[in-house]
Amino acid sequence: MKLVLPGVLPPDLVRVIVLDTDVTFASDIAELWALFAHFSDGQVIGLVENQSDWYLGNLWRNHRPWPALGRGFNTGVILLQLDRLRQTGWEQMWKLTAAQELLTLPATSLADQDIFNAVIKGHPGLVQPLPCVWNVQLSDHTLAERCYLEAADLKVIHWNSPKKLRVKNKHVEFFRNLYLTFLEYDGNLLRRGLFGCPSPPSPEAEQLQRALAQLNEEDACFEFRQQQLTVHRVHVTFLPHEPPPSRPHDVTLVAHLSMDRLQMLEALCRHWPGPMSLALYLTDAEAQQFLRFVEASVVLSARSDVAYHVVYREGPLYPINQLRNVALAQALTPYVFLSDVDFLPSYSLYDYLRASIGQLELGRGRKAALVVPAFETLHYHFTFPSSKAELLALLDAGSLSTFRYHEWPRGYAPTDYARWREAQAPYRVQWEADYEPYVVVPRDCPRYDPRFVGFGWNKVAHIVELDAQEYELLVLPEAFTIHLPHTPSLDISRFHSNPTYSECLQALKDEFHQDLSRHYGAAALKYLTALQQPRGPT
């Protein structure tokens with residue numbers, strides 16, 4: 001790919017830095033860019049000398065490397081002067097060189113690097129040698145010690161051994177710690193470098209800055225306002241992921257979590273064999289802990305159909321609906337099950353949902369939200385029911401209850417659990433104030449309202465939006481999901497202990513009511529009437 005960049009990149013792009021993915025920067029990349037100024041008129045490629053004897057051909061008997069100038073050059077870090085490369089006829093040059101060398105040599109051993117070196121051997125004036133600190137190569141036969149023992153400041157570490165971090169080197173522990181320190185660096189601090197960025201801000205960025213400037217730090221709800229406007233760094237598909245095969249009624253489980261719920265992932269994977277899209281709210285250091293957690297887990301490392309999306313933590317409140325929207329936007333199946341990570345679905349739910357979607361013919365213009373009845377247990381160890389009959393037995397024995405029956409019955413009562421006990425077919429229920437069931441909807445459903453951060457009303461507002469857009473609420477008779485006990489989140493604790501928190505949540509509700517009225521007009525009257533009555537927290 002590196003060889004063809006002058007031809008495939010936009011013709012008005014004059015120069016570019018090309019990096020291998022196994023490099024660690026220990027300096028400002030702007031300093032590397034500044035080295036273009038050292039190119040003479042005829043120089044078109046900037047490279048660091050290869051820090052091994054590979055191209056000298058003396059590593060082992062019968063070693064026949066491709067031709068190179070001296071020790072050759074390593075292509076893990078490249079400065080390309082694209083305009084000059086195009087003018088010199090680069091594409092024809094490297095292709096002719098490669099064809100000529102292949103007449104007497106086997107295939108390349110180091111891919112494009114061999115061809116770059118063969119071209120430079122015949123045209124040494126093309127290359128601008130770069131200081132060795134810009135590509136300190138930790139290969140199996142490295143001579144990089146000659147560089148870094150004399151250098152005062154290392155710029156780029158190149159893990160170009162196939163062993164990567166496990167390479168054998170007497171100083172590797174230093175470089176490994178440098179790499180790990182970089183991984184745990186707070187990435188939000190890197191935004192400082194954008195302050196002086198010469199490019200003009202986008203209209204969206206200018207609008208955001210105006211909104212932030214209008215915030216009053218003396219406002220009791222300042223934290224809520226600021227969190228709503230925070231633009232988080234997002235790493236979509238943080239780990240390798242294989243998209244699910246195309247199925248007409250397939251369902252992705254969508255959820256979110258932070259580090260304190262990480263232990264629930266393995267159980268969730270055992271219960272849900274289908275695709276998942278999960279948004280994780282983590283610091284940079286926690287993201288690395290999560291990576292190691294997955295690698296060490298037999299259950300998680302075996303699942304390639306679970307997409308993890310890291311939203312980097314910033315601000316004091318949990319951006320719950322922003323997280324949900326990230327996970328929802330990355331779902332690839334026609335339908336999504338909007339859940340929470342502390343719920344375990346029934347073992348058969350994935351197959352049952354796909355069958356129900358087909359039977360109800362939801363793909364033929366029918367707008368429906370399929371309600372999955374929610375239950376909870378206060379026991380940390382209990383036998384998960386394998387069927388509805390077993391669940392009802394546990395319910396009657398007091399081992400289970402309907403979700404939030406004691407704290408917030410209004411949130412789930414419209415599901416009509418008494419009817420569900422006897423139901424053998426899906427049945428329709430009506431929206432009621434504060435209803436917040438877990439539902440299965442088409443992937444293109446309305447997004448969650450991002451103004452709701454922390455604890456309270458985040459799902460309620462979404463169900464209101466679904467009802468306003470005329471989604472039927474259909475309860476599935478054989479579906480269920482069970483909430484597992486855990487320590488309360490910080491936001492729930494703040495809600496119960498801080499009166500200001502409740503007041504700020506009420507202010508968000510009032511703004512939501514106003515937006516409903518503006519958007520839906522007279523149709524929003526039923527929501528305004530119901531929602532303006534004094535209610536509970538959720």
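Reader: At what angle do helix α9 (residues 222-229) and helix α19 (residues 499-520) pack, and how far apart are their axes?

Author: Two packed helices are described by the angle between their axes and by the distance between those axes. In this predicted model, where local features need pLDDT of at least 70, side-chain atom pairs count only at pLDDT 80 or more, and totals for chains, interfaces and linings use all residues, α9 and α19 pack at about 50° with their axes 9 Å apart. Residues are numbered from 1 along each chain as its sequence is written, and side-chain values use heavy atoms, with hydrogens and water left out. The axes are lines fitted to C-alpha atoms, for helices over the stretch in contact, with angles from 0 to 180 degrees between N-to-C directions; helices (H or I, at least four residues) and strands (E, at least two) are DSSP runs numbered from the N terminus. The pair α9 and α19 is therefore oblique, the class left once angles under 35 degrees (roughly parallel), over 145 (roughly antiparallel) and 65 to 115 (roughly perpendicular) are set aside.

Reader: Which residues of α9 and α19 meet?

Author: From α9 come F224, R225 and Q228, which meet Y501, C504, A507, L508 and E511 of α19, contact meaning heavy atoms within 4.5 Å. By class, the residues of this contact are five nonpolar, one polar and two charged, where Ala, Val, Leu, Ile, Met, Phe, Trp, Tyr, Cys and Pro count as nonpolar, Asp, Glu, Lys and Arg as charged, and the others, Gly among them, as polar.

Reader: In what order do the nine strands of the open sheet stand?

Author: Two strands pair if DSSP finds at least two bridges between them, and here the order is β8-β11-β10-β9-β12-β18-β14-β19-β17, with mixed pairing. At the edges stand β8 (234-235) and β17 (427-429), each with a single partner strand, so one side of each has no neighbour in the sheet. Within the sheet, β9 (residues 251-258) runs parallel to β12 (residues 335-338), joined by four bridges, and L253 stands opposite F337 in β12. Helix α11 (residues 284-296) packs on the sheet, touching β10 (276-282) and β11 (306-312), at about 135° to the direction of β10, while helix α13 (residues 320-329) lies across β8, β9, β10, β11 and β12, at about 145° to β9.

Reader: What is the volume of the largest pocket, and which residues lie nearest its centre?

Author: Rolling a probe the size of a water molecule over the atoms shows where empty space is left. On a 1 Å grid over the protein atoms alone, a cavity is a set of points where a 1.4 Å probe fits but cannot get out, a pocket is an open set with protein on both sides within 12 Å along at least five of seven lines, and lining residues have an atom within 4 Å of a point. Grid points are joined across faces, edges and corners, and a volume is the space filled by probe spheres set on the points. The largest pocket has a volume of about 1100 Å³ and 43 lining residues, with R261, D342, H486, S489 and I492 nearest its centre. Helix α18 gives the most to this lining, four residues.
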